[in-house]
Amino acid sequence: MATEQGLDLLEQLTTDHEVLRVRFSELAGLPLGDPRRDRLASLTADTLVRHLAAEDEYLYPLARDGRPPHDDAVAHGLQTHTALYGLVRELETTAAGSTEFDRLLARLIEEATGHFGLEEAQLFPTVRASAAPPRLTVLGEQAREAERTASPHPGPAGPHETLPPDDLVAPELTWHERMHRRFRFGDTREN
């Protein structure tokens with residue numbers, strides 16, 4: 001994680017998002033089965049879990065205070081965190097380099113990247129407008145410490161945890177097979 005001193009909470013979390021996006025790009029650039037890819041995936045998952053833990057502790061309580069009661073952005077964000085933790089747990093128990101590992105990793109990257117964008121667009125502006133700058137600076141320091149000391153492994157699954165839907169195109173189908181299924185059977189899904 002980025003450990004730049006003096007960043008406020010939102011600057012710290014934005015920096016974390018950028019670090020993770022760079023790692024996601026690096027992962028995409030390594031060929032499947034490359035041992036460096038498996039190691040980088042593990043480091044990235046650890047970083048993501050630490051980041052999510054800091055957001056759970058510092059961002060989301062603050063964001064909840066600054067939003068209207070009927071707004072579901074906070075609830076949606078926390079549900080996405082639960083799904084991301086679930087994907088990381090699945091990755092930890094799946095053989096590195098396997099097809100299933102690569103699919104889970106792709107889902108994790110897709111979910112996390114979309115989640116970062118939603119947080120930056122929906123939550124960060126509200127928090128910036130409602131929280132005093134000195135408070136954000138203190139929370140930034142606390143978030144950095146929380147990331148440094150947090151467990152890199154998500155806790156056990158909750159009773160109502162579900163993974164996000166797998167909307168990725170199935171690699172076992174050829175382009176021709178996907179098109180045949182789509183047009184012959186009226187299936188509008190991509191796989």
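This is a predicted model: local features need pLDDT of at least 70, side-chain atom pairs count only at pLDDT 80 or more; totals for chains, interfaces and linings use all residues.

Reader: How many helices and strands does the protein have?

Author: There are 6 helices and 0 strands, where helices (H or I, at least four residues) and strands (E, at least two) are DSSP runs numbered from the N terminus. Along the sequence the pattern reads α-α-α-α-α-α.

Reader: And what share of the residues is buried?

Author: Of the 191 residues in the protein, 44% are buried; buried means under 20% relative accessible area, exposed over 50%, and partly exposed in between, with a 1.4 Å probe and protein chains only. As for contacts (heavy atoms within 4.5 Å), among those between residues at least 6 apart in sequence, 74% join residues at least 24 apart.

Reader: At what angle do helix 1 and helix 2 cross?

Author: Their axes cross at roughly 160° and come within 10 Å; axes are lines fitted to C-alpha atoms, for helices over the stretch in contact, and angles run from 0 to 180 degrees between N-to-C directions. Helix 1 and helix 2 are therefore roughly antiparallel to each other, given that angles under 35 degrees count as roughly parallel, over 145 as roughly antiparallel, 65 to 115 as roughly perpendicular and the rest as oblique.

Reader: Which classes of residue make up the contact of helix 1 with helix 2?

Author: The residues of helix 1 include Leu 13, Leu 20 and Phe 24, and those of helix 2 include Leu 48, Tyr 58 and Leu 62. By class, this contact has 13 nonpolar, 4 polar and 5 charged residues, with Ala, Val, Leu, Ile, Met, Phe, Trp, Tyr, Cys and Pro counted as nonpolar, Asp, Glu, Lys and Arg as charged, and the others, Gly among them, as polar.

Reader: How far apart are the axes of helix 2 and helix 5?

Author: The axes of helix 2 (residues 35–65) and helix 5 (residues 133–149) are 8 Å apart, and the two pack at an angle of about 150°. That makes helix 2 roughly antiparallel to helix 5. The residues of their contact divide into 7 nonpolar, 3 polar and 5 charged.

Reader: Changing topic, how many aromatic pairs turn up in the whole structure?

Author: The search finds 1 aromatic pair; rings of Phe, Tyr and Trp (its six-membered ring) pair if their centres lie within 6.5 Å, and planes under 30 degrees apart count as stacked, over 60 as edge-to-face and the rest as tilted. Phe 24 and Phe 116 form this stacked pair, at 6.3 Å centre to centre and with 10° between the planes. The pair links distant parts of the chain, with Phe 24 in helix 1 (residues 9–29) and Phe 116 in helix 4 (residues 99–130), 92 residues apart.

Reader: Is Phe 24 buried or exposed? And Phe 116, buried or exposed?

Author: Phe 24 counts as buried because its relative accessibility is 6%, and Phe 116 counts as buried at 0%.

Reader: What does Thr 80 touch?

Author: Not counting residues up to four places away in sequence, Thr 80 touches Glu 111 and His 115. Thr 80 sits in helix 3 (residues 73–92) and is buried, with a relative accessible area of 10%.

Key
Residues are numbered from 1 along each chain as its sequence is written. Side-chain values use heavy atoms; hydrogens and water are left out.
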